[in-house]
Amino acid sequence: MLFDIAKPNPRALEKMHALDKVRLRDPDTGRLLHMSGHGTTDSARYAWLGFLHQAETLKEHAETRGEVWPFQPVPRALIDRPTGPQAIKAAKDLVNGLDP
């Protein structure tokens, strides 16, 4: 989905596109933590995204509740950026106005 921001807040825009954000991946299954903080997903579109200190807080809360926390932080650039045939399809979708 393409959209234009007339007067973006520079700090908010910087935070939205921050490269130091991470996603949380279960190393056993390869699935990502869902954005709700509960359950998992295969899609980065619906996966949790945040900073490392936020990931640590989620882990601490889960451990306090006695839950097993299998998730490991992975830099968003390793997950969000398509490669190979996926990159070609994403580029074509972008040109055709589809949400990659």
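Student: Which residues is arginine 23 in contact with, leaving aside its neighbours within four places in sequence?
Tutor: With contact taken as heavy atoms within 4.5 Å, arginine 23 touches Leu32, Ala44, Ala47, Trp48, Leu49, Gln72, Pro73, Val74, Ile79 and Asp80, once its neighbours within four places in sequence are left aside. Before we go on, note that this is a predicted model, in which local features need pLDDT of at least 70 and side-chain atom pairs count only at pLDDT 80 or more, while totals for chains, interfaces and linings use all residues. Residues are numbered from 1 along each chain as its sequence is written, and side-chain values use heavy atoms, with hydrogens and water left out.

Student: OK, and where is the place of arginine 23?
Tutor: Arginine 23 sits in strand β1, residues 22–25, where helices (H or I, at least four residues) and strands (E, at least two) are DSSP runs numbered from the N terminus.

Student: Does arginine 23 count as buried or exposed?
Tutor: Arginine 23 counts as buried because its relative accessibility is 7%; buried means under 20% relative accessible area, exposed over 50%, and partly exposed in between, using a 1.4 Å probe and protein chains only.

Student: What backbone oxygen does its side chain reach at 3.0 Å?
Tutor: The side chain of arginine 23 reaches the backbone oxygen of alanine 47 at that distance, and a polar atom of the arginine 23 side chain also lies 3.3 Å from the backbone oxygen of tryptophan 48.

Student: New topic: how many salt bridges does the structure hold?
Tutor: The structure holds 2 salt bridges, each being a side-chain nitrogen of Lys or Arg within 4 Å of a carboxyl oxygen of Asp or Glu. In one of them, the side chains of arginine 31 and aspartate 42 meet at 2.9 Å, N to O. Arginine 31 lies in the loop between β1 and β2 and aspartate 42 in the loop between β3 (40–41) and α2, so the pair ties together parts that are 11 residues apart in sequence.

Student: Is aspartate 42 buried or exposed?
Tutor: Aspartate 42 is exposed, with a relative accessible area of 62%, whereas arginine 31, at 28% relative accessibility, counts as partly exposed.

Student: Last one, where is confidence lowest and where is it highest?
Tutor: Going by pLDDT, the predictor's confidence in each residue from 0 to 100, confidence is lowest in helix α4 (residues 85–95), at a mean of 62, and highest in strand β2 (residues 32–33), at 96.

Conventions:
A polar contact is a pair of N or O atoms within 3.5 Å; within protein, one must be able to donate a hydrogen and the other to accept it, and residues adjacent in sequence count only if both atoms are side-chain atoms.
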